[in-house]
Amino acid sequence: MNVSRSRMFLRSKVFQLLVLSAIVFAITTLISPGWVNPHNIRRLMDNMVITGIFLTAVAPLLMSGVIDFSGSSMAVLSQVIFVMLFEATGLPWGLVALIAIICGGVIGLINAFFVVKLNLMAFIVTMAMATVLAGIASWLTRNVITPLNATSFTDLSTIWVFDIIPVFFIFFAILIIIYSWILMKTTFGRSVIMCGGNQTAARLAGLNPKRIRTILFINSGMIASIAGILHSAQTRSANASGGLGMNMPHMTAFIASILGGVSFFGGSGALAGAFMGVVLIELLAYALLVMGLPAAVTGLLNGILLLVAMTIDQVAMSMRMKKLGLKSHGSGGGGAVMPGTAKT
Amino acid sequence: MGKVSGNLTASSTNNYAKVHPLKRAMRTKAFPLLVLFALMVIFFSIFPQIHVGPHAIFLRARTFWRILEALSVTGLLTIGAGMLIVSGGIDLSNGSVGSLAGVILATGVSANGWPWWVAVIVAVLASGIVGFLNAVIINELKLPAFVVTLAMAAAIPAVSLFMSRNEIGTFMGQINFRNSTLEAIGRHRIGEANTAALVVLALFVIYGVILARTKFGRTLYLMGGNRAAARLVGINEKRISYFLYINCAVLAGLAGLLNATRVGLAGAQVLVGEQFTGITAAILGGISFGGGSGGLGGAFMGIVVIRTFAQGTAISGASPYLTAPASGALLLLALAFDYFNTSRTNKRLTV
């Protein structure tokens with residue numbers, strides 16, 4: 001089984017998604033040739049930042065076999081907290097952001113209490129939490145858009161490195177690199193993947209899946225807060241009723257993760273593939289916008305993309321299994337095996 | 001795949017055989033919800049009187065008919081979801097399917113000028129087709145139901161949006177429509193009770209009896225507990241799975257139609273998110289993911305509790321902004337309560 005490095009790359013998700021992205025890019029350029037300009041590239045990257053940051057929350061949780069559906073609502077709430085607190089107190093924005101991020105961490109801890117300690121289904125708990133958080137956000141703002149006047153912070157979103165790359169994008173890239181490194185190279189990262197793959201084995205190997213998941217839930221809340229705060233800088237406001245909440249960036253990140261090969265049974269995946277997934281989805285969304293199609297079509301394409309990707313995976317898997325003379329795992333369709341049902 | 005809980009249930013039924021029927025009823029999942037419901041009724045009978053004034057009366061027949069009416073749309077989603085989850089499946093797309101059915105009805109009646117019954121049939125058929133698609137992808141391509149239906153849930157609103165274009169081709173997202181027959185059906189009342197809500201109640205009873213008392217119902221539990229075993233004892237689990245997905249989608253379609261006829265408004269997103277309420281109600285009623293347990297009685301009590309709370313807070317004059325987070329918190333509370341209840345039961349069984 002000596003497969004050369006280059007062949008492994010050709011087989012990887014990163015490569016497949018890269019090719020798909022290139023195709024989308026080519027088609028868009030064919031249809032509307034003038035779309036490649038600095039303005040569009042900046043906007044596209046801005047969009048990628050918000051969805052992409054969620055990867056560092058969603059993907060590790062998925063790898064460890066659980067899920068957090070409250071991400072987008074958490075982002076909205078922390079955005080509201082950030083903006084309202086800043087406007088009310090006038091404290092330095094860094095400090096206010098820190099408070100909002102800590103709030104996110106606390107919510108993550110509450111999620112973890114229900115899921116890890118009480119052993120309830122992550123799926124249901126975090127959905128309920130999402131209603132609570134979104135509700136609090138609209139109660140605080142009465143669904144009125146609150147402007148943010150922290151120029152020293154919002155101006156960051158208009159600084160571009162080499163006149164093209166937004167500062168936030170660099171922040172996001174660094175975040176992805178750090179998380180990739182943690183997941184691939186550190187003991188903690190390996191144990192995250194391990195406890196998603198085989199619970200019992202992980203526990204017997206002396207790992208503590210409960211502790212790992214608690215940390216990941218807290219991480220998820222904090223990352224969601226960061227995404228919300230960055231979004232408030234991009235839009236210069238906090239909006240509880242539209243934008244961030246409606247677009248459900250954590251859902252997109254979830255789809256991107258699965259596209260990128262993060263198995264939702266836990267236990268496998270890397271951030272590079274998930275990152276390419278975000279690139280593809282956001283590119284597609286922006287391309288549709290450029291071509292004058294409504295944003296909702298993105299949902300249709302994301303859905304189809306997800307189904308096609310999973311089908312290809314399944315077929316490739318069974319072909320490889322046949323080649324190796326193994327019987328493909330006949331778990332049967334329709335099983336509700338899903339993230340958030342794993343028991344610790 | 002083998003589940004230890006199968007053994008546990010078997011021994012627990014033996015255990016139950018000796019206990020008093022009343023005690024047995026108390027041990028069902030519906031019981032704590034019934035207690036919660038009773039507590040809520042007591043609280044909301046007293047609190048608004050003090051807090052708002054003597055005109056804020058909760059304890060009267062009209063309130064309960066209102067609650068029944070409010071839960072009927074979600075109730076249809078709950079039945080479909082509950083049956084599916086018992087058998088080990090899941091459908092996250094039924095909120096989107098319901099919205100699609102509503103949009104088809106609205107565009108059919110208003111823009112295309114179909115007779116109302118044609119629009120209804122087309123909408124129900126379309127919902128059934130989506131359910132069939134779900135079933136095909138899940139059963140033939142063997143993809144996980146969770147992801148398949150999530151993808152569907154993302155894709156369908158786009159289709160609905162495409163359909164809800166106005167004359168100049170702008171995507172409306174929402175369509176108003178008027179049809180006196182449909183309105184009459186959706187708002188028809190027998191006495192104080194909304195007829196459609198009574199039909200939903202009847203459906204709950206019918207499906208509940210099928211699930212609890214018939215051979216088919218038993219099959220679903222077996223499938224949910226251990227699908228491979230179900231296949232080995234000669235159950236055509238694939239056919240049942242097809243039936244359940246289509247059933248779930250058609251019920252969702254009916255929910256969408258009911259919702260649309262009541263308010264005279266349909267939109268691509270109106271029921272999106274409601275599927276989670278349906279699933280949560282099912283879970284509260286003891287239907288567990290991974291299948292094999294629970295019943296529709298508990299699921300019904302689940303939505304009754306959710307809607308009673310909403311109605312009660314409204315009568316108490318709470319800000320409508322507070323109702324949503326409060327009912328979310330209530331769900332979390334109910335889940336935690338359920339946890340402690342279950343762990344107590346388990347302790348008793350192991351001793």
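This is a predicted model: local features need pLDDT of at least 70, side-chain atom pairs count only at pLDDT 80 or more; totals for chains, interfaces and linings use all residues.

Guide: Let's begin with a pair of helices in touch: from helix 3 of chain A, residues including A:Asp46, A:Ile53, A:Phe54 and A:Leu61 meet residues of helix 11 of chain A, among them A:Leu216, A:Phe217, A:Ile223 and A:His231.

Visitor: What kinds of residues make up the contact of helix 3 of chain A with helix 11 of chain A?
Guide: The residues there divide into 14 nonpolar, 5 polar and 1 charged.

Visitor: At what angle do helix 3 and helix 11 of chain A pack?
Guide: About 175°, and their axes lie 8 Å apart. Angles over 145 degrees count as roughly antiparallel, so helix 3 of chain A is roughly antiparallel to helix 11 of chain A.

Visitor: How should I think about a nonpolar core?
Guide: The general idea is that nonpolar side chains tend to be buried together in soluble globular proteins. Here, the largest nonpolar core has 196 residues, and A:Ile53, A:Phe82, A:Phe123, A:Phe153, B:Phe146, B:Ile279 and B:Leu296 touch the most other members. Helix 3 of chain A, residues 38-63, gives the most to this core, with 14 residues.

Visitor: How many helices and strands does chain A have?
Guide: Chain A has 15 helices and 4 strands.

Visitor: What share of chain A counts as buried?
Guide: 52% of its 344 residues. As for the surface, chain A exposes about 14900 Å², with 70% of that supplied by carbon and sulfur atoms.

How values were computed
Residues are numbered from 1 along each chain as its sequence is written. Chains are lettered from A and ligands numbered from 1 in the order in which they are written. Side-chain values use heavy atoms; hydrogens and water are left out. Helices (H or I, at least four residues) and strands (E, at least two) are DSSP runs, numbered from the N terminus. Buried means under 20% relative accessible area, exposed over 50%, partly exposed in between (1.4 Å probe, protein chains only). Accessible areas come from the Shrake-Rupley method with a 1.4 Å probe; for residues, only the protein chains shown count as cover. A nonpolar core is a set of buried Ala, Val, Leu, Ile, Met, Phe, Trp, Tyr and Cys residues joined through side-chain atoms within 4.5 Å. Axes are lines fitted to C-alpha atoms, for helices over the stretch in contact, and angles run from 0 to 180 degrees between N-to-C directions. Angles under 35 degrees count as roughly parallel, over 145 as roughly antiparallel, 65 to 115 as roughly perpendicular and the rest as oblique. Contact means heavy atoms within 4.5 Å. Ala, Val, Leu, Ile, Met, Phe, Trp, Tyr, Cys and Pro count as nonpolar, Asp, Glu, Lys and Arg as charged, and the others, Gly among them, as polar.
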